[in-house]
Amino acid sequence: MTGHELRQRFLDYFGRNGHTVVQSSPLVPAQDPTLLFTNAGMVQFKSVFLGEDRRPYVRAVSCQKCVRAGGKHNDLENVGRTARHHTFFEMLGNFSFGDYFKAEAVAFAWEFLTKEMGLARDRLWATVFTADDEAFSLWQTVAGLPQERILRLGEADNFWAMGETGPCGPCSEIHFHQGESLPCAAEQEGRRCLGPACECDRWLEVWNLVFMQFNRDAGGALSPLPKPSIDTGMGLERMAAVMQGKGSVFETDLIWPILDSVAKVVGKRYTASETDDVSLRVIADHARAATFLIADGVYPSNEWRGYVLRRIMRRAMRHGRLLGLYEPFLWRAVAGVAAVMAPAYPELEREKPRVQEVVKAEEERFAETLDTGTAKIREYLEANREAQETVADGKFLFTLYDTYGFPLDLAQEVFQEAGWSVPQASLDAYEAEMASQRARARASAAFGAGEEAESARIYAEFAAEVSSVEFLGYETLNAPGRIVVMVRAGRRLPEAVSGDEVEVILDRTPCYAESGGQVGDTGRILGRQGNGRILDTHFRGSGLIVHRVKVESGGFREGEEVAVWVESPRRRGLQLHHTGTHLLHAALRKVLGTHVTQAGSLVAPDHLRFDITHGSQVRDREIDQVEELVNEKVRDNLRVDPLWTDLEQALKLGALALFGEKYGQRVRVVRIGDFSTELCGGTHLEQTGQIGLFKIVSEGAVAAGVRRLTAVTGDAALRHVEREESALREAAAILKIPPLEVPQRLAKLLDEQRQLEKQLEALEGRLAKTRAEELVAAARQVGGVAVVAARVDGLDPDGLRAVVDSVRERLGSGVICLGSVKGDKVSLVSAVTKDLTPRFNAGKLIQEVARACGGGGGGRPDLAQAGGKDPAKLDAALGLALDWVARSQST
């Protein structure tokens, strides 16, 4: 049975048993800042388990793409070292939202495994939470398992939580016995194998049934969920290994083609060397994780999700080095991932070029990191060459990792090759620095967490009472409403007085809450005795619109009737720029290609910012085409038609859905003629002609494979054009020519400048030859070696290097070290003729001279360059060159 067949068999089985098939959500959790990545099938149903959201079904089944590489569930360091761990995997799961509970969950699992899959009953064991007598009994009565094949385990093993906070409950795991022939480390050490509680590969956990009963808050307290529910998770890759008779998930048809292709590239045979096998498994797994994460809109960076992706990719790249791969290789594995996984995830084939570009760029950048880190280690070794103990400092190892991204294990290897040791004491110091950094990060993340958690609890209670706040902002900018909840600093307030800043929920509001890139509305709120300014509007929980209000006079009471006004000019600016964003998106896809997708956006009253997936700079000609197309649609005065429909119908209409956005069953579609159709809940104009003018003001890179465009519309666009015309007129006045002649005149001036620069370069070349002849004539003999050490002021590094080249050419055989001061900068260049490089190293010479004038540098044995900070010490520093040549001859 193939992995793809297994996936479909699972979905079909539960579909026949009354479950709605729900497609996988993105790897970036929608509207959940507590999670790094989607790490389980239940993540997209979290709000349902919490009672904050309602779905048109009470049973669901899915195959969810997951990544576990950080936070509570982190398998990164185990990947490659075991036969079963992954960073990326697919989780098969069935769910009940207050419908069935433990008995049915156990019955479904047992029937699927033994009847649908045909697994031998005597090879299946179960574990339950220590105190869960009900589950223990069910495995006997429903599945017929004898007591000796049901293990009671503690909270660490059989109490499941999605994260530090959120839904949780006792669980029951099903384990498959793979056979006594597999080694067990416990037995090898003279101890007894503990069965499913053992960490050996004899026992493979294939399914986890979570009995979701509680919600854990930031303080660790458990509270009952509105309705006990079921959340199960079965690793597709693990089950495929069982069904295909493989001892490792890496040998299944879901991963093996990727691993095998890498093995062929490096000329290695899998199972020939355990060290090589670890590297091959790491690369195969990490190629899958990187491909899926980038396809879902994550890009390598130094922050949060991007940092974890970067760590995954660089770990794979380092293992490539261990296999002898020094050229970019991981980007080629992306095609293998797409070939294997595209039948289930067709977006991989569509996104493949972009993913490959991002991965290749990161590989090239990491090559630079390796070079930089290696150079830093060389500098460290040089600076500590007189040390009595050749032991690497743990703090320096941490600096290499933290500042330059240089991996610890690779640093160890470089030090050991240089004859230095990295003992446990150094590793302990490294870990101490790492622990300090984590503590600082935790302290920062925990700041304000208590108040935030309490506020969230209050809003969750309110959400259980009221399905949502009625939003009136599509039809009107002012409306009456009633204050239902007021919260400040995690406390519910019965009243707020002048000077207070509070969060207010009304039963109805015209204010738009920040979402979809559009910032929230501001405005006014007026009661019988109070007057307040609405500073911002945002969402809390599921559908709760929260107003951040500054009480300016009087006060407000819970339950009070109030009037609310949206700031009209500001809202108009938001409408202009949101409709402009849709036109821009459609125009970019027509001009650049349909590979362009939205990677982020900001809709503000005075401008819009739009990030797109695109592998290269958007050229000036392309920007002109996009602008022209958008303004053409503005002049066409197209009708902007919003409509509500179900998600499936919206997608059939061609509406663009964005990665990372959370859509309900009913969605709002915004159509602009036949030019643009998008899922969007934002506020828009009635006709495109109301925009007046659209102007792109900047374009640039924000990440590998992501470009950012900034644009303005309406009055803001007119003001931008006026500023540009003013600058053009000013330039024309300086040149004393008509404005339209400025480009031609500037081109002529630049051409004249280039000609002058060529003349200057020729003069400098002749001057360098003259100086070279003078310097060669003044060469000193040190032990039979000609040495030229002199100061030649007024030259930049390029000019100084030209003089050194001329001296070396005329000298024939010798050592050269020249210095120059230009402004307050010191430049140094050293060179050694080829016949003397076995005896003298230009890089070591330049390091000693540069240190003497407060600088540093390095280079090759025949040519090196450095800079200094203290011009007053240059003469004395150059004098050291003669001493260095003498010392080098005596060693």
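# Briefing on a predicted protein model

The charged end of Lys360 lies over the ring of Trp331, at 4.6 Å from the ring's centre. That contact belongs to a predicted model of a protein with 891 residues, 50% of which count as buried.

**Overall build**

- The secondary structure of the protein consists of 24 helices and 35 strands.
- Taken along the principal axes, the box filled by the C-alpha atoms is roughly 100 × 85 × 50 Å.
- Among contacts between residues at least 6 apart in sequence, 68% join residues that are at least 24 apart.

**Aromatic rings**

- The count of aromatic pairs in the model comes to 33, with ring centres within 6.5 Å as the criterion.
- Phe45 and Phe95 link distant parts of the chain, being 50 residues apart. Phe45 is in the loop between β1 (20-21) and α2 (46-49), while Phe95 is in strand β5 (residues 88-96).
- Phe45 has a relative accessibility of 0% and therefore counts as buried. Phe95 also has a relative accessible area of 0%, so Phe95 is buried. The cut-off for buried is under 20%.
- Phe10, Tyr13, Phe14, Tyr100, Phe108, Phe112 and Trp207 make up one aromatic cluster.

**Charges over rings**

- Besides the placement of Lys360 over Trp331, the model has Arg668 over the face of Tyr474. The distance from Arg668 to the ring centre of Tyr474 is 3.7 Å.

**The second largest pocket**

- The second largest pocket holds about 1100 Å³ of space.
- This pocket is lined by 40 residues, and the closest to its centre are Arg68, Glu173, Glu205, Asn208 and Arg238.
- By class, the lining is made of 18 nonpolar, nine polar and 13 charged residues.
- Elements that each supply at least two lining residues are β5, α5 (155-158), β8 (159-161), β9 (166-177), β10 (203-216), β11 (222-235) and α7 (236-243).
- Strand β10 gives the largest share of the lining, with eight residues.

**A buried helix residue**

- Thr579 is located in helix α17 (residues 568-592).
- The relative accessible area of Thr579 is 0%, so this residue is buried.
- Leaving aside residues up to four places away in sequence, Thr579 touches Val640, Ile672, His684, Leu685 and Ile691.

**Loop residues with positive phi**

- Most residues other than glycine have a negative phi.
- Asn637, which is not a glycine, has a positive phi near 50°. Asn637 lies in the loop between α18 (620-635) and β25 (640-646).
- With a relative accessible area of 39%, Asn637 is partly exposed. That value falls between the limits of 20% and 50%, so neither buried nor exposed applies.
- Lys736 is likewise not a glycine, and its phi is positive at about 60°. Lys736 is placed in the loop between α20 (714-735) and α21 (742-777).
- Lys736 has a relative accessibility of 76% and so counts as exposed, since the cut-off for exposed is over 50%.

Note on methods. Residues are numbered from 1 along each chain as its sequence is written. This is a predicted model: local features need pLDDT of at least 70, side-chain atom pairs count only at pLDDT 80 or more; totals for chains, interfaces and linings use all residues. Side-chain values use heavy atoms; hydrogens and water are left out. Rings of Phe, Tyr and Trp (its six-membered ring) pair if their centres lie within 6.5 Å; planes under 30 degrees apart count as stacked, over 60 as edge-to-face and the rest as tilted. Helices (H or I, at least four residues) and strands (E, at least two) are DSSP runs, numbered from the N terminus. Buried means under 20% relative accessible area, exposed over 50%, partly exposed in between (1.4 Å probe, protein chains only). A charge sits over a ring if NZ of Lys or CZ of Arg is within 6 Å of the ring centre and within 35 degrees of the ring normal. On a 1 Å grid over the protein atoms alone, a cavity is a set of points where a 1.4 Å probe fits but cannot get out, and a pocket is an open set with protein on both sides within 12 Å along at least five of seven lines; lining residues have an atom within 4 Å of a point. Grid points are joined across faces, edges and corners, and a volume is the space filled by probe spheres set on the points. Ala, Val, Leu, Ile, Met, Phe, Trp, Tyr, Cys and Pro count as nonpolar, Asp, Glu, Lys and Arg as charged, and the others, Gly among them, as polar. Contact means heavy atoms within 4.5 Å.
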